[in-house]
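Thanks for coming. I'll go through how one chain sits against its neighbours, one contact after the other. Please have the structure open while I talk.

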Number of protein chains: 6
Amino acid sequence: MNVESIETKIVISEVMMPSKANVAGNIHGGEIMKLMDSTAYAAARRYAQSNVVTARVDELEFHLPILIGHLVVCTAEVVFIGRSSLEVAVEVEVEDLDHNGRRQKALSAYFTMVALDENARPKSVPPLPLKTQESQDKFAEGKRRYEEHKAKKRRQLEKA
Amino acid sequence: MNVESIETKIVISEVMMPSKANVAGNIHGGEIMKLMDSTAYAAARRYAQSNVVTARVDELEFHLPILIGHLVVCTAEVVFIGRSSLEVAVEVEVEDLDHNGRRQKALSAYFTMVALDENARPKSVPPLPLKTQESQDKFAEGKRRYEEHKAKKRRQLEKA
Amino acid sequence: MNVESIETKIVISEVMMPSKANVAGNIHGGEIMKLMDSTAYAAARRYAQSNVVTARVDELEFHLPILIGHLVVCTAEVVFIGRSSLEVAVEVEVEDLDHNGRRQKALSAYFTMVALDENARPKSVPPLPLKTQESQDKFAEGKRRYEEHKAKKRRQLEKA
Amino acid sequence: MNVESIETKIVISEVMMPSKANVAGNIHGGEIMKLMDSTAYAAARRYAQSNVVTARVDELEFHLPILIGHLVVCTAEVVFIGRSSLEVAVEVEVEDLDHNGRRQKALSAYFTMVALDENARPKSVPPLPLKTQESQDKFAEGKRRYEEHKAKKRRQLEKA
Amino acid sequence: MNVESIETKIVISEVMMPSKANVAGNIHGGEIMKLMDSTAYAAARRYAQSNVVTARVDELEFHLPILIGHLVVCTAEVVFIGRSSLEVAVEVEVEDLDHNGRRQKALSAYFTMVALDENARPKSVPPLPLKTQESQDKFAEGKRRYEEHKAKKRRQLEKA
Amino acid sequence: MNVESIETKIVISEVMMPSKANVAGNIHGGEIMKLMDSTAYAAARRYAQSNVVTARVDELEFHLPILIGHLVVCTAEVVFIGRSSLEVAVEVEVEDLDHNGRRQKALSAYFTMVALDENARPKSVPPLPLKTQESQDKFAEGKRRYEEHKAKKRRQLEKA
């Protein structure tokens, strides 16, 4: 298997039906979080070529409310690889089909997934090709978040 | 509004979860038909810039079974315009995320949608730009289906 | 097993709840298509006494919109048998419970199902008894559609 | 409006999909109770020609487990009328489509519904025609349950 | 295993989303019945430490309508043990989050569950500790309902 | 309204049914995120006595996988108040009903909600009573996260 042939990005999209409304009549934020988790799962599974599970989610931000009838486009991209973990940047854009509107950023987050082998033990994943400047920048930022998070865990363990 | 700036194509995709399984454990064909209808709706609504309803579906074919875990990618394209009707060609491709597989054609169909004004009466839709040979060919085929269908309706009415 | 004792018709019905609404607040056409597929499946499975899958859907027409609260009655009838395929005529009627209304035809379609044996290979199905003039007429029409469709496939293959 | 022309019975049916399974893999009893409530609602709404709400359910019995793939047929019949209340006898039968089985009784219950006018206040409902011996017998039994229940309520109030 | 350490009570709660609405826009009574069944199941399963199935539901009463946005709190308590049956008292309270309201009783019922061993045959369940006066009173009432129901079954069998 | 009488904590719980499974047959992480969002919403709405929307989620961690049949208990507590924002600490515990297990921590996260007035503009929320040392400690930590986040936003804006 040629690593460089594996795509790092996946797009999942959906038209928002009334069954996904919250109490106020907008789309339930939890439904969008579920969609983001599915998209991160798909991107990581395809990249790792193995089962993956969500380990953590950071900096999940809601920028815009989403309404019934909106087209939601969720893009997940594997941007950083730790030993067996994959950081997936997830962005949700929204488009109002009625007003021929441009797509606008509605949510974003970083999902950390862990690749598992057939015995549900962490397994290593192939390195990212990083052929463009953009992918190298994203990787560096992912690495910074990964190390910040590890340092924080260490501090919490020392305190406990 | 500049007609030529309106996109005629929309892509909706989804990872198939177990809640969409049929009695045999594959994905329920009806769930995919529902996804195709939503995608045709989105493409027609964006193109017509008004509410649209499904009037008929023709030549819906299942080429491949779809399994839990598959990524389903549904593409809908407005290919023909009658007075207030839009023919939307819908194609469903499927990708097995586990085996780094190529996408394969799983279903296809033609959806006829009708554009409605605010009083739920049919309204006219802008003509297709048809700038490429491909779009002109698709339009010609759509026109043939449209006229065949009208001729058939006439025969049925005469017989009745 | 006595073929003539097998029923060819099945009726599935449902009261339409708000969770099945589309963006405009009516019942999502895709939900009704899913109901039609389930009903065709049930009729074909009972007749064939084996697993069945949907192969194609033709002439699916929406005659009336369906609203929240309507009673939807879907009837599927096996009308034609090819070697291992069954054509199932599906009709959806709708009744407004609030206004003591008569049932009105809302959708219709022809579903072609294929019977599968335990190794998922097409298997033959018992012939239809065709004891009434009506069942013989329906069979003849089904046969015509079956042959038209086969001829069309042949033309497409020759062109390709 | 001619009372005798109003139907007292309604049938709702469904093929059981895996999304309705409980933890043990059979169909969730609560899903069937929901289906019974919808069917009682539909029968009472059509009979009363007004909004109705469920007030109580008695003697709900599960006779047989229901499995994925079963056809469930739920019949609701208005059998007794109090001032603004309707007693609806609900029976669920189940059919195993794979084994060409007869329908077997799977659940039964009595639902008491109350008819409401536009201000959500109880309104009277037309009397039952009771043209057959069977309908008169069912009415007498419904009346007995209605009076037993009222006597019991009185005793509870006196004790409190 | 120490019987007295087993809890007899479980609480399941949920905020009511629009996808659970009925035709009139309130919460579908059947959805609440389904929630009650799940809660009775959880209480009985934990107490019996084995699979359990619902055998009957008695005296299910709706005291208050439930609206979209309400917090629903469902409490199930094992109150009586027959040989392999468990009677579970289920009570639903509702709280209007918007008006800082107190919780009010909305539904109540008695669920009779049967404990099953690994071959799906009834198995005996441990006796209730009954250490408080309240638990002894509830047990006595449960026993009365259990015996009334058995006597009634006997009368029905003799008549049949 | 007496601020100190407002509860800051809410508990939402659910038995995990097969319809919430992911591709691997465990419970879909996105379903649990949706449950956490609903619980944070309920806690914040009750505290703020107004509509609230999710603005961000931080440090969402999955500690344990959740399986079909597990009882999931989600606790949300308002721990910090900014002007119109509320930080809600959300913790998910899981209990295996079959093995009489203790509850174990399965997920945790911080949800930031914003209170909105009737014109969907941010409105101020009452201060937390902070009568115990524990609530003061949680508040101090919430304040630290709030200020870290604000400082980070400032840096991002300066860079852009």
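Of the residues of chain B, B:Ser13 comes closest to the rotation axis, with its C-alpha at 2.6 Å. Before I say which axis that is, a caution: what you are looking at is a predicted model.

Now the axis. Two copies of a chain are related by a rotation about an axis and a shift along it. For chain B and chain A, the turn is 180 degrees, the shift along the axis is 0.0 Å, and chain B then lies on chain A with an RMSD of 0.0 Å. The same surface serves both copies, as 100% of the contact residues of chain B recur in chain A.

How many residues does the contact take from each of these chains? It takes 22 from chain B and 22 from chain A. The size of an interface is often given as the accessible area lost when the parts come together. Between chain B and chain A, about 1900 Å² is buried, and carbon and sulfur atoms give 51% of that.

Next, the charged and polar pairs in this contact. There are four salt bridges between chain B and chain A. A:Arg45 forms a salt bridge with B:Asp98, and the closest N and O atoms are 2.6 Å apart. Across the interface of chain B and chain A there are also nine residue pairs in polar contact.

Which elements of chain B give two or more residues to the side that touches chain A? They are β1, residues 9–15, and α1, residues 29–48. The largest share comes from β1(B), with six residues. Sorted by type, the residues on this side of chain B are 11 nonpolar, five polar and six charged.

Let's turn to chain F.

A rotation of 180 degrees, with 0.0 Å of shift along its axis, superposes chain F on chain A, and the RMSD is 0.0 Å. That is the relation of a two-fold axis. In chain F, the C-alpha nearest the axis belongs to F:Asp58, 2.6 Å from it. Here too the same surface serves both copies: 100% of the contact residues of chain F recur in chain A.

In this contact, 25 residues of chain F meet 25 residues of chain A. The area buried between chain F and chain A is about 2200 Å², with 50% given by carbon and sulfur atoms.

The count between chain F and chain A is eight salt bridges. One of them joins A:Glu31 to F:Lys34, with the closest N and O atoms 2.8 Å apart. Chain F and chain A also share 17 residue pairs in polar contact. On the side of chain F that touches chain A, the elements giving two or more residues are α1 (29–48), β2 (51–62) and α2 (133–159). The largest share, 10 residues, comes from β2(F). That side of chain F divides into nine nonpolar, six polar and 10 charged residues.

Stay with β2 for a moment. How many bridges join β2 of chain A to β2(F)? Four, and the two strands run antiparallel. Within this pairing, the bridge partner of A:Arg56 is F:Glu61.

The side chains of A:Glu61 and F:Arg56 meet in a salt bridge, at 3.5 Å from N to O. This pair crosses between chains, from strand β2 of chain A to strand β2 of chain F.

Key
Residues numbered from 1 in each chain as written. Chains lettered and ligands numbered in written order. Predicted model: local features only at pLDDT ≥ 70, side-chain atom pairs only at ≥ 80, totals over all residues. Heavy atoms only, no water. Least-squares fit on C-alpha atoms with pLDDT ≥ 70 in both. Contact = heavy atoms within 4.5 Å. Buried area = accessible area lost by both parts, 1.4 Å probe. Polar contact = N/O pair within 3.5 Å; in protein donor to acceptor, adjacent residues only side chain to side chain. Nonpolar A, V, L, I, M, F, W, Y, C, P; charged D, E, K, R; others polar. Pairing = 2+ DSSP bridges.
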